Amino acid sequence: MSQFDRALVLSGGNVKGAYQAGAVKALLNHTFPDGSKFEPNAIYGVSVGSMNGGFLADRAGRAAKAGKAPDWGQIGEELEAFWRDNITSFASIGKKRGTVDLVADILFGNFDGLTTMDGAASLARANISPDNLRASPAHYACGVTNMATGDYFDADVGTFGDDILDYVVASTREPVSMPLMWVNDMPLADGGIRSIAPLKPAIKRGAKQMAIIAMKPEQMTPDYAKKNFKNILKLLKRTIGTLTSEIMNNDLDEVKKVNRACQHGGNPMLTQGKHIVEFVEIRPGERLAIDVTNFNTADIANLIKLGEAEAKTALAAGWQTGAD
């Protein structure tokens, strides 16, 4: 059996990561009908999922260093508390650049994002330790995009050592709206622009169960779309979000296709070396209404509550295969 057979896959979504925190809490405290709880031995994240995933792996590593088995339910509670206590407004994670400075930077070729994100970077570095990641019983990897080459790759502490925190921060940086992260002369950004939820690395490493917590593109009414799509940046984000979500949907459809072939004796070329992968997918049922540069503690609390509630509904259906 693979040592990475229970994978937690966390998508991007900026401050909608609060929804993800609530869903993670519900997932890690859920008891399945057979009496088992989901205890991940691999965690994959992009964008805010890198921050959340790194936090979880860090806390599991802390327990291991103390000679204890991770209490995953408690770790889920701690992730929720982290969001409630630290992500209180946009000022807690970033700052909008002034119009004059932006115009000057664009004119003189010095543009480096519409916002600074020093607060988010500080929170990541204060709550995720390379030593704890090394000790963690759950393998952790964050997805990053090299903007120079266009390549996507997964970064882990085994490959990048103490520099892993630079890659975690890079994974949270959305191009244009946030500064790029330069690491070893590579301009790095959010892995979510290539893969909104990193299912492929989880499958490649032998996942037999995958818990997927993803934010799908917002469902917009025609009036809302007309209003927001006159803003070129919002239209660009919508375009990227739709394309990357389609990649995730295709990956999940491929999992279902292989599951059906394995279960019903399908094409040997398709099933050779493959196995059935059980999954639970948690996604918002409706548009998550939050302004990522103008929110407060009540907004974060509401997203956490919604994530927890919708996760419980998805978990009640148990593990799925899509093979029926």
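The model is predicted, with local features needing pLDDT of at least 70 and side-chain atom pairs counting only at pLDDT 80 or more, while totals for chains, interfaces and linings use all residues. Residues are numbered from 1 along each chain as its sequence is written, and side-chain values use heavy atoms, leaving out hydrogens and water. Helices (H or I, at least four residues) and strands (E, at least two) are DSSP runs, numbered from the N terminus.

**Helix H2 against helix H3**

- Helix H2 (residues 48-65) packs with helix H3 (residues 72-86) at an angle of about 135 degrees, and their axes are 10 Å apart. That makes H2 oblique to H3.
- Axes are lines fitted to C-alpha atoms, for helices over the stretch in contact, and angles run from 0 to 180 degrees between N-to-C directions.
- Angles under 35 degrees count as roughly parallel, over 145 as roughly antiparallel, 65 to 115 as roughly perpendicular and the rest as oblique.
- H2 passes H3 in a right-handed crossing; right-handed is used if the near helix is turned clockwise from the far one by less than a right angle, and left-handed if anticlockwise.
- On the H2 side, Val48, Asn52, Phe55, Leu56, Arg59 and Ala60 meet Trp72, Ile75, Glu78, Leu79, Phe82 and Trp83 of H3, where contact means heavy atoms within 4.5 Å.
- This contact of H2 with H3 has nine nonpolar, one polar and two charged residues. Nonpolar covers Ala, Val, Leu, Ile, Met, Phe, Trp, Tyr, Cys and Pro, charged covers Asp, Glu, Lys and Arg, and the others, Gly among them, are polar.

**Helix H2 against helix H5**

- The axes of H2 and helix H5 (residues 118-127) cross at roughly 20 degrees and come within 9 Å. That makes H2 roughly parallel to H5.
- The crossing of H2 and H5 is left-handed.
- Met51, Phe55, Asp58 and Arg59 in H2 meet Ala120, Ala124 and Asn127 in H5. The residues of this contact are four nonpolar, one polar and two charged.

**Strands S1 and S2**

- Strand S1 (residues 6-10) pairs with S2 in the parallel sense over four bridges; pairing requires at least two bridges found by DSSP.
- Valine 9 stands opposite tyrosine 44 in S2.
- Five of the five residues of strand S2 (residues 42-46) are buried, so S2 is largely enclosed by the rest of the structure. Buried means under 20% relative accessible area, exposed over 50%, and partly exposed in between (1.4 Å probe, protein chains only).
- Ala42, Tyr44 and Val46 cover one side of S2, with Ile43 and Gly45 on the other.

**Helix H8**

- Seven of the eight residues of helix H8 (residues 164-171) are buried, so H8 is largely enclosed by the rest of the structure.
- The buried residues are Ile164, Leu165, Tyr167, Val168, Val169, Ala170 and Ser171.
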